[in-house]
Amino acid sequence: MPGSGEHLAEEARGGSRLALSRLLTAIESRTARAEEALRSLYPSAGSAHIVGVTGPPGGGKSTLVAALIAEARGAARAVAVLAIDPSSPVTGGAILGDRIRMQQYAGDRDVFIRSMASRGHLGGLAGSTAQAAAALDACGFAIVFIETVGTGQSEVEVASIADTTVVVEAPEMGDEIQAIKAGLLEVADIVVVNKSDRPGADRAAAGLRAMLSLADAPESTDPHALRPKPKRPEVLLASAIDGSGVPELLAALDVHHARHASADRPRNARIARARAQVEGILADRLREVMWTTYRATTEEILEQVAAHHLDPYAAADLLASALGRDPAGS
Amino acid sequence: MTDRPLKVLIAKPGLDGHDRGAKVLARGLRDEGFEVVYTGLRQTPEMVVTAALQEDVDVVGLSILSGAHMTLLPRICELLREEGMADVLVTAGGIIPDEDIPALKQVGVAEVFGPGTSIAQVAAFMREHAPQRAE
């Protein structure tokens, strides 16, 4: 049926970039049409290499992604980018300014760049980034780059939806103590010291290598391991401006993907991704039911908590038992 | 969750190097609650239309001070129609002589905002005239 989610998905898969773009809008707005489209696309997804690119603001993530697009296009691979920028917590507005670094591909149908506002989602992504990536995957893009918002130390969500996570640091990232803190660097499969044309880049890379190599074993391949082992990421130097190190970075991404796409790939990575998606959708559904079917109950319970007549744990239990009986809101 | 923010592309087609106005507008529209895709200076019509298509924007706001508006703006409107985006609201701002405005409106520019226009006026116009799309 024209206008249905399935129809939109079919058009997008058939190569209509306008349909793909409209589909991504529907996914961002979490409409019923998007859900229908994603259901029909999901079986076709799973073959793209999903690459997360994260790191502090101003580290050169967008410029590096632009350089990687050029490299991948040299090998005739279709590339998509999801670039996430933060939404204002006050007005909901956003400046989406990543594609300004990626303008040279206008007219190339096999490069598709889409900005997403985070819309209140924390963790460095937008709430629907995983679904948007799945749609691009199903539409035949060989590589999907997910560029996170500029991150601090603990926005690590991208690692749960990417096959390969690249952390981009600038030479002035700080001393070796920054490299042994828990957080962002721990989820890296590859660490790039970008702006290698700047002074201090070699020293920063050496410092990172020294500290990251302390991980006592490469990442666990045992799917039943009780405690995940720390990763031992490769540290590369690159300069997105003059292009040095970029071919090596793309090659390293390919090696990582080949190793992980093989049969012995830790099952937990795939399960973790599935879990992140299902938990996200479940939370949305519960919130939806809470504020539609059970709006009056919810408001009453919140009043009681605000007045300290009811503690928040008891309130959550009350709501959970009400919602649990009716998770679909029907 | 269908009450999505309005999405606006702010671009500067052509060869002038003055982007202060476009940046101030982008920032002002952000504060109006819009999602603003900012693509900056020296855009060809093809770049503007590719960005509008891939971002699925509701509005394209073009800032131009070079005098080439009678060439660039009709071309952008034409390309938008070719790509199936005839419903996108196109507005222009910058230095555009009054006598050119009727011709620009003829080719599909919905409104031309001259110097002195307030951000609130621009935002109100965009809210009122952005296409109503089925979710």
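Two residues count as in contact if their C-beta atoms, placed from the backbone, lie within 7 Å. Keep that in mind for the tour of this predicted model, where local features need pLDDT of at least 70, side-chain atom pairs count only at pLDDT 80 or more, and totals for chains, interfaces and linings use all residues. Residues are numbered from 1 along each chain as its sequence is written, while chains are lettered from A and ligands numbered from 1 in the order in which they are written.

**Stop 1: a helix pair in chain A.** Select H2(A), residues 17–29, and H3(A), residues 32–41; helices here are DSSP runs of H or I with at least four residues, strands runs of E with at least two, numbered from the N terminus. Show A:Leu23, A:Ala26 and A:Ile27 on H2(A), which meet A:Arg33, A:Ala34, A:Ala37 and A:Leu38 on H3(A). The axes come within 7 Å and cross at roughly 115 degrees (lines fitted to C-alpha atoms over the stretch in contact, with angles from 0 to 180 degrees between N-to-C directions).

**Stop 2: the interface.** Now pick the 29 residues of chain B that are in contact with 31 residues of chain A. H2(B) gives the largest share of chain B's side, seven residues.

Stop 3: Finish on S3(A), residues 94–96, which runs parallel to S2(B) and is joined to it by three bridges (strands pair if DSSP finds at least two bridges between them). Centre on A:Ile95, and B:Val36 stands opposite.
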